[in-house]
Amino acid sequence: MTQRARDLRPSPISATVDFDADGVQHGFLKLPISNDESAWGAVMIPITVVANGEGPTALLTGGNHGDEYEGITALMKLASTLKAEDVHGRVIIVPMMNVPAAQAGRRTSPMDGGNLNRSFPGDPDGGVTEQIADYFTRYLVPMVDVALDLHSGGRTLDIVPFAASHHLENKDQQRQALAGAKAFGAPTAMMMFELDAAKLYDTAVESQGKIFVATELGGGGTTTPERMAITERGVRNFLIHYGLIDGELEVPAEPQVYVDMPDASCYVQSEHTGLLELTVSLGDRVEKGQIIARVYDMTRTGAEPVVYHAQRDGMLVARRFPAQVNMGDTIAVIAEVVDSLDG
Ligand SMILES: [Zn+2]
């Protein structure tokens, strides 16, 4: 047990499922709340455990941000269909980690404004969102060998579907995570640079030595048949790759594109407020200096738009989704296309 775990009181969250039992269980993580609507109430986070004998444990999560529907939808479907006899080991499925946010259709929690993926490692004495983070950090993650977290751009971003791993000090851990990211079989695999890594779920999992695969699978606050197919295929491939279920990996029709995000210069952020016109599409290759966006002043006609140029060669892997943009919003993310992600 870490120093941190010893110092903290037990989580107020309790599970209605038995993590040690074989079979399929649908239940809840119950987080006590007391408010005007419910004096002795609970936030009920749906959870499914599918277990069958010896083998590794996988934790599959969606709804870390509540408006990222590709993962939520794929995991709701998997939770209803995965059979115990098809599993070697244990699959824990939490389609909506931040269930208050998901049910409100928002990125963050309407209960305390919490952004779950900026709340790790969490706090059992904090707000609802920090309490959820703490439960994952100290109870669920220690049970697992491999973890897959399904994100997308939500309402404000659209992102090319990719699976990613991070640069880690432990190169064996990094190699095993990268292999899982490639096996996921999205059109793109990435070595990802995070703008703000310290409070991420990703970091909470990786710091416990667990194998972690991150994904971004679309966005815009909805799903499409194409992105759902990529997501569902990826979840299945992930489980096959790490030995949880039998089957053949399904590979994408086109060869996977490898991209690297070496530093923060990949992110293009707006220094203006106005109407955004992106002149390149998701997945397009761009050259340094090329015009990628114009921002129009919405208060007058006859003014020249502000022009944004690509700061590097690469591929447009993410774009702002709404047409209106404020100062500081990420307009575009340009990643470097590379031949290999190893090393
Ligand atoms: Zn997200």
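I begin with Gln174, which is placed in helix α5, residues 171–184; helices here are DSSP runs of H or I with at least four residues, strands are runs of E with at least two, and both are numbered from the N terminus. Gln174 is buried, at a relative accessible area of 4%, where buried means under 20%, exposed over 50%, and partly exposed in between, with a 1.4 Å probe and protein chains only. Its side chain reaches the backbone nitrogen of Leu168 at 2.8 Å. Such a polar contact is a pair of N or O atoms within 3.5 Å; within protein, one must be able to donate a hydrogen and the other to accept it, and residues adjacent in sequence count only if both atoms are side-chain atoms.

A word on the basis of these values. This is a predicted model, in which local features need pLDDT of at least 70 and side-chain atom pairs count only at pLDDT 80 or more, while totals for chains, interfaces and linings use all residues. Residues are numbered from 1 along each chain as its sequence is written, and side-chain values use heavy atoms, with hydrogens and water left out.

Turning to the overall fold, the protein has 7 helices and 19 strands. Its radius of gyration is 20 Å, in agreement with the value near 20 Å for a compact globule of 343 residues; the radius is taken over C-alpha atoms, and the globule rule is 2.2 Å times the number of residues to the power 0.38. The C-alpha trace spans about 65 × 50 × 40 Å along its principal axes. Of the 343 residues, 52% are buried. Contact means heavy atoms within 4.5 Å, and among contacts between residues at least 6 apart in sequence, 71% join residues at least 24 apart.

His65 lies in the loop between β4 (57–61) and α2 (69–81), and His151 in strand β6 (residues 146–151), so the pair ties together parts that are 86 residues apart in sequence. Both His65 and His151 are buried.

Two further regions deserve mention. Met96 is in the loop between β5 (89–94) and α3 (99–104), and is buried, with a relative accessible area of 10%. Its C-alpha atom is separated by 4.0 Å from that of Gly63, 33 residues away along the chain. Beyond residues up to four places away in sequence, Met96 touches several others, including Ile45, Ile72 and Met76.

In general, most peptide bonds are trans. Pro121 lies in the loop between α3 and α4 (128–140). Thr137, in helix α4, counts as buried at 10% relative accessibility. Leaving out residues up to four places away in sequence, Thr137 touches both Phe120 and Pro121, among others.
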